[in-house]
Amino acid sequence: MTDAEGAGDVSSRSARSTTGGQPRSLSEERSDETRRLSAASSSADVARRSARPTPGGAGTGPDQARYRRILGFASRQLVQLWWFELFLPRIGLGRISDRTRTHRLQLLARRFHGLAVELGGLMIKVGQFLSSRLDVLPPEITDELAGLQDEVPAVPFAQIREIAEQELGAPLNQIYAWFDEVPVAAASLGQAHRARLSAADALDTGLGEVVVKVQRPGIDRVVATDLAALRRVGRWLSRVRAVSSRVDAPALVEEFAHTSLEEIDYLHEAASAERFADDFADDDSIRTPAVVWSRSTRRVLTLQDVTAIKINDTDALRAAGIDPARVADAFARAMFDQVFAHGFVHADPHPGNVFVDPSTSSGAQVGTQNFRLTFIDFGMMAEVPASLRGGLRSLVIAIATRDGRAMIEAARAIGVLMPTTDTADLERALTALFDRFGGMGFGQLKDVDPREFQDFADQFGHVMRSLPFQLPERLLLLIRAVSLTSGMCSALDPDFNVWDAVEPYATQLLGEESAGLVQDMAKQAASSAGILWRMPQRLDSLLTRVDAGEVSFDTSRLERRLDRLEHVARRIASGVLFAALLVGGAILLPPAPPLGIALMAASALPFLHAVFARAPR
């Protein structure tokens, strides 16, 4: 039995204990959480092993055809890249490449868009992933892929039923009191259905209506095939100097593989959901769905149904008496709390994953709000480790103080920029950007001349793409989260100012930094005072020892170094003398051959000294 099957068997036994036997208590169910998380880790290891490319490529049958389809598309694009970007410029036809580049990149993005929609699976995720890689891809590609969504049809319910029953170990009509055959959402990796827990499970968990996520049939094989093909493409790209000088393609593929394998492990998502809930356990304004562990495996996830008003449905918000502007403020606060307070961030907060729950329906308000924010779908989360948090602290302070140089230094600390990177142009662009647009809200930005925006975009985009940097994986997910947050808040409130949302955190960070600086200065002052206090006594002791002849100085090493420097200087002088005699002899050779020959012959002596003289030891 594999680890994945073992994880499913654990949940199957739990399912049978609540349907055909005595119901389990909630405490007993929660006590099994550690065992389930261990099974999740083992299952993830199985998924990672299955995602490695096989010696023969990607198996047989449809998998092999899919593998060849992806590699065929990639090889054609690489040949085109070599022809236009490497070969034509070498033979003096670089203008043709420059003139057609925009059209070619747009055509490439459209072709990949079509391939992704046709194949589904990870190819859609690849498109979404690449659309956010503004650090390595030109806008002609990212703009086209930005609209790529899970444009895939729903899986027939018979296949979903088969997978769910196999994972849970019992017929659906025994596990759930009701199960909707029409999916509430369909994606490239799985789909979700509404259901109602059985009476025993409802009594045990205190839940009724739930949402059941079920993976697509054969998604593990699809993911393994796609990752095998992508890894080979990454190796191809690593051999292209024009690409390898800008980005580590194999590392980029592994970054994507890690994120994808976490997304298809529903037990990992369940653990992330509970960790997120623990982070906001003391905040009544944030709500998360409870996990029904007894009805969850690596391929099936049962969660409390917490759907409410979509966060971008402004008409429904106003009808419920909720001000969209206040929702924007609360959403921004919740996201920045995740970044700076908890270090665990929901990296995919699009409108389908965030709901607004009118708290008045339960008869109470949440603080000064009459609503709660509800987050779902925790498959894509961003960790903010301590090493990254320090750099982000400096970055936020730099943005708040409109300091372009400090922002660049923070980027170096995070690891985005190489220490030796020349950032003078970037610093000028950031300074100009802050001077012109710093502090403006989105409503104010609408009044700016679009041509001015275009000028800044051209300058800033060119500078950014010319720098040798690549965003670390966790930072990429974090930037994605902040970008989606900013866009959502501006849609809810046209006058929303992201600087106002960041300011409280920047003020707090500045206060912490100032307090730390004061403490450091106090410690340094105390240390210096101690040194000064002991200085007279130590000087008196040293002078006493000098007078008594107990102190001596060993200058032998210094003398040897001076001898070596003197030797080097002599060899340099010999080299200069050799060149002068040789050149002088060559000049005098036609008008005065004897003198010219003598000088050229004499140049041999300083030459021999410069080349063969031994250095002193």
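**Salt bridges and a charged surface patch**

Across the whole structure, a search finds 18 salt bridges, each being a side-chain nitrogen of Lys or Arg within 4 Å of a carboxyl oxygen of Asp or Glu. The model is predicted, so local features need pLDDT of at least 70 and side-chain atom pairs count only at pLDDT 80 or more, while totals for chains, interfaces and linings use all residues. Residues are numbered from 1 along each chain as its sequence is written, and side-chain values use heavy atoms, with hydrogens and water left out.

One of these bridges links aspartate 226 to arginine 66, with the closest N and O atoms 2.6 Å apart. Aspartate 226 sits in helix H11 (residues 219-238) and arginine 66 in helix H4 (residues 62-90), so the pair ties together parts that are 160 residues apart in sequence; helices are DSSP runs of H or I with at least four residues, and strands are runs of E with at least two, numbered from the N terminus. Aspartate 226 is buried, at 0% relative accessible area, and arginine 66 is also buried, at 12% (buried means under 20%, exposed over 50%, partly exposed in between, with a 1.4 Å probe and protein chains only).

Helix H4 also carries arginine 69, whose partner glutamate 118 lies in helix H5 (residues 94-119); their side chains meet at 2.9 Å, N to O. Here glutamate 118 is exposed, at 53%, and arginine 69 is partly exposed, at 36%.

A further bridge joins glutamate 181 and arginine 161 at 4.0 Å, N to O. Glutamate 181 occupies the loop between strand E1 (176-179) and strand E2 (185-186), whereas arginine 161 belongs to helix H8 (residues 157-168). Through shared partners, salt bridges connect Arg161, Glu165 and Glu181 into one network.
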